[in-house]
Amino acid sequence: MKFADRIQKVDRRIIYVILLLAVVLPLVFRLGFKTYTTTPVEDLYRHIDAAAGKDDLAILMDFTHDPGVLPELYPMDLAILRHCFERNIKVFTISFLPQGAAIIQMALSEVKEDYPNIEANVDYCNFGFKPWSTKLPIMLGMGDDIAEAVETNSEGLKLENLPIMQNMKNYDNIQVVVEISGSSMGQFWVIYARAKFGVDVAVGLTAVMAADVYPYLQSGQFVGSLGGLKGAAEYEQLVDIFAMNGLEFSKKKARNMAWVEAQYEELPELAQLYKYNKARIGMDAQAIVHVLIIFFIILGNIGYFLDRRAQKKSM
Amino acid sequence: MTETIGIWIAAFLTLCMFSFLYKDNPFYKFAEHLFVGVSMGYYIPYTYYNAFIPYAYNPLFLKKEYILIIPFIIGFLYWFRFSSKYSWVSRYPIAFGMGMVGMGVPMSMHATVLVQMRSMMLPLDNINIILIFIGTISILLYFFFSKAHEGVYGKFTSIGIWFMMVGFGASFGYTVMARISLLIGRIQFLLGDWLGLIK
């Protein structure tokens, strides 16, 4: 068999094994590739950070995802919650999917164990699961009165009686709605909440959908976005170098890799926990696999063109 | 102990799923069917206790909010889907649902068409805006089929194809990243939570 034939007919299981090694080895022997931050992620970070220390502003996180996309979206959940807890930003969480409610609980308890001073219903409030059919009424109702529209938190307590709601009335008190989604791309929030009440909306998405949000970013309908594991890795980094070091966000500094590396050396122990670095560690493997896939595409094309040339000669 | 058992079960099921990469086999089939069953098993009681009870049963039967009888009946009509003779009845709640969709049309038009169009009408003062402008016009003309794509017009519309190809390439790149991310997530689970090789 000729070389061209051979590379055209490689057993797919061999490719799987090579791919597996390309994922496993960088995870075991960490490569520590640098993460460069991009504008959509920086904009979201800056937007959320602007609510730091304010009692009458909160961010609303809508968990529209299920366990199937956890590897991409869960690091985003943790990074945003950590940012909020670290910078004293009030957080509301809600899910219109049954599976999302369990993920909220998991994410909150995982981050909260590192922030013992953070209190439920004081610093954050989990609205819990609300059926999908109530999404529209709740979304529109929050424009008038959040407590009336949502009614109860995940424990069944009336929102109007909770300390966190003292200075919260409607979307005027929502700094940004962040939908972490495996499917709907924040469209509902843009169409109803933003169009009618002007609330700022941002999204954290699986990479499959990430390219689709750029028109909305360009038009300003999304104030920021996190695209897949890369977006999560960028946000993790911003939280580490700014929030964990008690610094205000600066785009210029975020893009200065020498400064970023210097910040990494001064990080507290908390920031070095594996769970808060998962996306960046995953990006090491991601980078290797991308190089491998590019190599396979080039190899496949070489085989294809050699094969075609041989066929032309034989005619 | 419970957590350890959970991790071992999850690891076993992950390996069952991965075994499909070699070839279809009973382990894969078992895990696949179990996944579907568990998903539905989780979804049905969860929805019953968190949707039906608080939003239908309690207000109607305990708080006596009888106005809810109307949506209750409309929703109940869906069950006629299971009758071959009366399945037409289920079209009424569907029609009601479509009416609700209609309510969103003006706002949807605003957000997805008008605002997006406005963002195309900016001064052509930087390279990004110029590229977006050319891309939008050339792609729109490419999908205008009342004129043959020939001559200068044809050449201009072919620029639209290039813009689309770049878009498809970006989507494909992101898709590769998404799929590999899922694999990385599972491998992180197997190496970290299960085998304890990474911490």
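Chain B has an average pLDDT of 91, and 100% of its residues score at least 70, where pLDDT is the predictor's confidence in each residue, from 0 to 100. The structure is a predicted model, in which local features need pLDDT of at least 70 and side-chain atom pairs count only at pLDDT 80 or more, while totals for chains, interfaces and linings use all residues. Residues are numbered from 1 along each chain as its sequence is written, and chains are lettered from A and ligands numbered from 1 in the order in which they are written. For the complex, the predictor gives an ipTM of 0.89 and a pTM of 0.91.

**The sheet of chain A**

- Chain A holds an open sheet of six strands in the order β3-β2-β1-β4-β5-β6, with parallel pairing; helices (H or I, at least four residues) and strands (E, at least two) are DSSP runs, numbered from the N terminus, and two strands pair if DSSP finds at least two bridges between them.
- The edge strands, each of which pairs on one side only, are β3 (124-129) and β6 (224-227) of chain A.
- Neighbouring strands of this sheet are turned against each other by 15° on average, direction ignored, with axes taken as lines fitted to C-alpha atoms, for helices over the stretch in contact, and angles running from 0 to 180 degrees between N-to-C directions.
- Strand β2 (residues 90-95) of chain A pairs with β3(A) in the parallel sense over five bridges, and the bridge partner of Phe92(A) in β3(A) is Cys125(A).
- Five of the six residues of β3(A) are buried, so this strand is largely enclosed by the rest of the structure; a residue is buried if 20 or more other C-beta atoms lie within 10 Å of its own, exposed if 12 or fewer, and partly exposed in between, with C-beta atoms placed from the backbone.

**Helix α8 and the strands it touches**

- Strand β4 (residues 174-181) of chain A runs parallel to strand β5 (residues 201-205) of chain A and is joined to it by five bridges, with Val177(A) standing opposite Val201(A) in β5(A).
- Helix α8 (residues 187-197) of chain A packs on the sheet, where it touches β4 and β5 of chain A, and its direction makes about 165° with that of β5(A).
- Eight of the eleven residues of α8(A) are buried, among them Phe188(A), Trp189(A) and Ile191(A).
- The cover over these buried residues includes α6 (135-141), β4, β5 and α10 of chain A, together with α5 (105-118) of chain B.
- After α8(A) comes Gly198(A), whose phi is positive, near 75°.

- Met185(A) lies in the loop between β4 and α8 of chain A, and it is buried, with 21 other C-beta atoms within 10 Å.
- Leaving aside neighbours within four places in sequence, Met185(A) is in contact with Val203(A), Leu205(A), Met209(A), Asp212(A) and Val213(A), contact meaning that the C-beta atoms of two residues, placed from the backbone, lie within 7 Å.

**Domains and the chain interface**

- Chain A is divided into domain 1 (3-30 + 282-314) and domain 2 (39-276), with bounds that come from an automatic or database domain assignment, and the C-alpha centres of these two domains lie 38 Å apart.
- In the contact between the chains, 39 residues of chain A meet 36 residues of chain B.
- Elements giving two or more residues to the side of chain A that touches chain B include α2 (12-28), α4 (70-86), α8 and α14 (278-314) of chain A.
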